[in-house]
Amino acid sequence: MNMDSRRLVKSLTEEAICPICLDFFTEPVTLDCGHNFCHPCIAQCWEKKEMNSCPECREEFQERNLRVNWALSSLAEKTRKFKLNWKGKESKLHCEEHQEELKLFCETDKKLICYTCRDSQEHREHHFLPIKEAVELHKDQLKSSLDSLTVKKSTVLATEQKQKGKISEVREQSSNLQTHITSEFTKMRQILTQKEQRLLRDLREEEERILEPMERNLREIQENLNSVEEKLSKLQKQMEQNDEVAFLKEEACWKRRISDGGYLLSVSAATLSVGKFKGPLQYIAWREMLNSINPVPVSLTLDPNTANPHLILSEDRTSVSLREKPQPLPDIPERFDPCQFVLGSEGFTSGKHYWEVDVVNQTQWTLGVIRESVDRKKRIILSPESGYWTVWLRTGMGYFALNSRLTPNVKPRKIGVFLDYEGGQVSFYNADNMSHLYTFTDTFTERIFPIFSPGQNSGRKTTAPLTIRGIKGH
């Protein structure tokens, strides 16, 4: 089919197309303005409108005057059939330039061409394939890409599932932590509420105990007051007596009655125990809460059998400092050497524990916990894999945990260490303001010991000690 035929087909097709549904006319009708539409299309268009108007030119009509366009209906039907026949004939593509059947695929230009195109200057030295062979080749390439994308999709889906799993883990962890926080503060509120109610009850009881004799004494005072007022009234009447003989006879009688009356009463002056109910109530309640709060800073002691020869322990074994020369100590398996470490005397296999260590004036230290089975006779890397869960300070370098540099807002004067054995948690805090520094999560399967070190360099002079601060130190 030449270009003129194509233009004719296109023109006829455009004339037979409804501007509303963009398909061949079905039951075409003509409006008063001359525009044509499918009857179902214009009926649906006007269905919900109060004023009828043409969708093409917007001309409005008072009445719906629809005239069947038989000629356009016939044209639409013929064009539809012609279009279908034309498509069938054109199932084999032809070159627009040479009107030959397209039988080759130019690999260089990635386009279909005819034999005449192949021999032209435009495609000289290009690579050609028969269409069928080109289709098979490109199908193989697409299959390879499809397989690659399928694998990638599987990888992305797996990653998506992992991410969803992590999101679920975080949400579940957050929910558990919310429950834990609520539970812990509920316990403290219960302790405070019980203390408050107990004090209020004691106050009521003491008030009743003191007021009972006072009110009894008040009733006696009021009874005596009534007696005095009665006698006072009678005396006033006697003063008004005009009969001199009668006045003198009654005077002796009144003197005797007045002298017989006992009006000596005292005021009860007992007071409430203000010191009990208006003292440092918050501190008193806090001290009482310590017996119920878990954990509170414990008073740990150090184990001298584990202390490196360069370490000096205080007499009460709550402080450790570094000395220049080593001490002559027995080389027993429990002792750390060459590392300048010392352990707490007590190890833990369960429960929650918290202790605080004074690190003021220290330029180096290491604190945390270790597994009981660590090799104490060689230098190691401070990591959970080696059995160490620690944080440390190094001169001129700063604070560290594993490979993470810690950046506390203020320089800690005390470090708090929290161990939750069953929960698999070791956390560190700036004990001055209880701001969080770092947390390890792991699984503990053996005894865990607190570990302390005032430094790791031998040959140093005695340094300021690391001191364990129990609850008495607050």
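Two strands are taken to pair if DSSP finds at least two bridges between them. By that criterion, S14 and strand S15 (residues 398-401) of this predicted model pair in the antiparallel sense, over three bridges.

**Figure 1. Close-up of the hairpin of S14 and S15.** Three residues lie between the two strands of this hairpin, and Gly396 takes a positive phi near 75°. Leu393 has Tyr399 in S15 as its bridge partner.

**Figure 2. Close-up of strand S14 and its surroundings.** Strand S14 covers residues 388-394, and seven of its seven residues are buried, so the strand is largely enclosed by the rest of the structure. Tyr388, Thr390, Trp392 and Arg394 point one way from S14, whereas Trp389, Val391 and Leu393 point the other way. Strand S13 (residues 365-371) also pairs with S14, in the antiparallel sense and over six bridges. Within this pairing, Thr366 stands opposite Trp392 of S14.

**Figure 3. Close-up of the six-stranded open sheet.** The strands follow the order S11-S20-S13-S14-S15-S16, with antiparallel pairing. Strand S11 (342-343) and strand S16 (404-406) stand at the edges; each has a single partner strand, so one side of each is left without a neighbour in the sheet. The partner of S11 is strand S20 (residues 448-453), and the two pair in the antiparallel sense over two bridges. Leu343 has Ile451 in S20 as its bridge partner.

**Figure 4. Close-up of the hairpin of S18 and S19.** Strand S18 and strand S19 (residues 435-441) are antiparallel and pair over six bridges. Among the residues involved, Phe428 has Tyr438 in S19 as its bridge partner. Four residues lie between the strands of this hairpin, and Met434 in the turn has a positive phi of about 60°.

Figure 5. At 1.5 Å a residue, the 109 residues of H5 should span 162 Å, and the end C-alpha atoms of the helix are 150 Å apart, which agrees. A kink of about 30° is found at Leu211, shortly before the proline Pro213. Buried residues of H5 are Ala134, Ile191, Lys195, Leu199, Glu206, Ile210, Asn217 and Gln238. An α-helix has 3.6 residues a turn, so residues three or four places apart point the same way.

**Figure 6. Close-up of the largest pocket.** The space in this pocket amounts to about 1,300 Å³. It is lined by 34 residues, of which His180, Glu184, Asn294, Pro295 and Phe418 are the closest to its centre. At least two lining residues come from each of helix H5 (131-239), strand S12 (352-358), strand S17 (414-420) and strand S18 (425-430). H5 gives the most, with 12 residues. By residue class, the lining of the largest pocket comprises 16 nonpolar, 10 polar and eight charged residues.

**Figure 7. Close-up of the second largest pocket.** About 170 Å³ of space lies in this pocket. Its lining consists of Leu192, Lys195, Glu196, Leu199, Leu200, Leu203, Phe277, Leu281, Gln282 and Ala285. H5 and helix H8 (281-289) are the elements that give two or more residues to this lining. The most come from H5, which gives six residues. Seven residues of the lining are nonpolar, one is polar and two are charged. Two of the lining residues, Lys195 and Leu199, are also among the buried residues of H5.

Notes:
Residues numbered from 1 in each chain as written. Predicted model: local features only at pLDDT ≥ 70, side-chain atom pairs only at ≥ 80, totals over all residues. Heavy atoms only, no water. 1 Å grid on protein atoms, 1.4 Å probe; cavity = no way out; pocket = protein on both sides within 12 Å on 5 of 7 lines; lining within 4 Å. Points joined across faces, edges and corners; volume = space filled by probe spheres on them. Nonpolar A, V, L, I, M, F, W, Y, C, P; charged D, E, K, R; others polar. Expected span 1.5 Å × (residues − 1). Bend = angle between axes of the 7 residues up to and from the residue. Buried < 20%, exposed > 50% of the residue type's maximum accessible area, 1.4 Å probe, protein only.
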